[in-house]
Amino acid sequence: MQVRADEAHALSLAPPPAAAPDSQWLALRWMAASRLAVALALAMLLSLEAIRPGPEWFTDPRLFAWASGLYLAAALVYLVAIGPLRPRFQPQLVAHVLTDLAALVAMLHAAGGLRAGFGVLVVAAVTAGAVLSTRRMAAFFAAAASLMLLGESVLAWLTSDGGQSVLPMMAGLTGAACFVTAMLVNWLATQLRRQEEIARERGEDLRNQFAVTQRVVAELEQGVLVIAPDGRVRAMNPAARELLGAAQAADADDLPGLATVARACAQWREAGGRTGERRELLLPARHGADGRVMLRFIATPGGDSVLMLEDLRRAEERAQQLKLAAMGRLSASIAHEIRNPLGAIRHANALLAERLGSAAEKRLAGIIEDNTVRIDRVITDVLSVSRRERPGDETVDMRPFLSAFAEEFTGQAGLPRDRVSIELASERPMRFDSNHLRQVLVNLVGNALRYASGEPGSVRVSWRERGPHRLELRVSDDGPGLSPEMQQQAFEPFFTTEARGTGLGLYLTRELCVANGATIRYEPPFGDRRGAFVVEPRVEDA
């Protein structure tokens, strides 16, 4: 019992048989339609026998009539039942072929045996079954046909008083023909199905590759345009539509820059159509302004031309960005080299100030100290932007952190402690690098102190929870707030309204927030609400 249970469990885990492809279902439908045509022809043959003068064609017309009538009815039922019984292919095929063999052998016996010529129909039925079946099933059909033919020949020989002893030999030869034909046709059909499966897989791969290619081309920043030899546009991606002036045309054929590109392509073809050739064009592209575009031509074996369109304005912007990045690295290198001699100047100035006696000399030493401090602040900001360290994945307990920060910041700045107030409306921690958070608060609180009044609590640092998945760190002040123009440029580098400022504080603050997965924004004052910079960190996973 345990062995049977294990066998049943193994059978239940066996993969289901593969579904027959659509081509085999179509072949089965054609096979059923052909059976119906053959059955109708055989029924008409019986009708002709009834009206034809002369000797009879059938030794047993009654048996032939019953067999042909039932065969015609079965052919009609099988043809109609293919659709409702769609998932079950093999059972239908077995039923079809065995019905063919039984009906044809019965009509063969009624017509006088193999000498009547019906053996060809039996071989055809076995061949049709072998096309749609497996090798083992094809052999089964051939064996069934051979046994039925041998049985019919033996029956005919016994009922003829031994006068037709050659019939068993003819049945054997016909059965051998069934076996040879079934095996050969089944092998050819198997090879054909294998090639069909390979073609289907390759077709699916080609469709997938074509879809991927279309998606990649659609996402390219460069414009891609495919032009046929007769000048028709076969395809273009969204970037090409934009460069050719899609905003000014509803139809792709009415794009303002399309005619110019088509003329350039025709001239390129006339000049020989060399792949890789470039040409700069001036297109009436966007917003009524001319756009400079670089065309790169690519020839294809099929005769189509592929045009790559590059917006020179964007290329110049990227080059400018690279130039600015190089200048930034150079500035950081220069700042690093300046820091050492600047430190020496400050130290020498401090030693010199100790020996100066007059007020004018001390004032000059103070000017040197103030300006060296200012230069050092600029160097620190530049190096902070260029050498941003990778943030650590820390969880900061805000209550002790903010209290310690307020004490440290006001002490170093020489301010009363009550100028910066701390409000804690949430006990949840903050996911942020602690060193980065301290630098963010130094920049935001320092910026708030410059615009706030000198009253106690004029600068407020609040930590609160806006929802289950939303936390906020707000740095607000009682000052007038930023103007709309200042709000648009507040986080841009080197933008400042202070004569002695570097313009890198808020820019560095935003970069640190982005590095830690947080966002920062400015909320202007409204009613009793103060203007504030709001930092929203990523929420700690539950």
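So, α4 passes α6 in a right-handed crossing, meaning that the near helix is turned clockwise from the far one by less than a right angle. Helices here are DSSP runs of H or I, at least four residues, numbered from the N terminus. Keep in mind that this is a predicted model, where local features need pLDDT of at least 70, side-chain atom pairs count only at 80 or more, and totals for chains, interfaces and linings use all residues. Residues are numbered from 1 along each chain, and side-chain values use heavy atoms, without hydrogens or water.

How do the axes of α4 and α6 cross? They come within 10 Å, at roughly 20°, with axes being lines fitted to C-alpha atoms over the stretch in contact, and angles running from 0 to 180 degrees between N-to-C directions. That makes α4 roughly parallel to α6, since angles under 35 degrees count that way.

Who touches whom? Contact means heavy atoms within 4.5 Å, and the residues making it include Leu-93 and Leu-101 of α4 and Phe-140 and Met-148 of α6. The residues of this contact divide into 17 nonpolar, 2 polar and 1 charged.

Okay, now the largest nonpolar core. That's a set of buried Ala, Val, Leu, Ile, Met, Phe, Trp, Tyr and Cys residues joined through side-chain atoms within 4.5 Å, buried being under 20% relative accessible area with a 1.4 Å probe, protein chains only. It has 37 residues, and Leu-93, Leu-101 and Met-107 are among those touching the most other members. Which helix gives the most to this core? α4, with 10 residues.

Methods
Buried < 20%, exposed > 50% of the residue type's maximum accessible area, 1.4 Å probe, protein only. Helix = DSSP H or I, 4+ residues; strand = E, 2+ residues; numbered from the N terminus. Parallel < 35°, antiparallel > 145°, perpendicular 65-115°, else oblique. Nonpolar A, V, L, I, M, F, W, Y, C, P; charged D, E, K, R; others polar.
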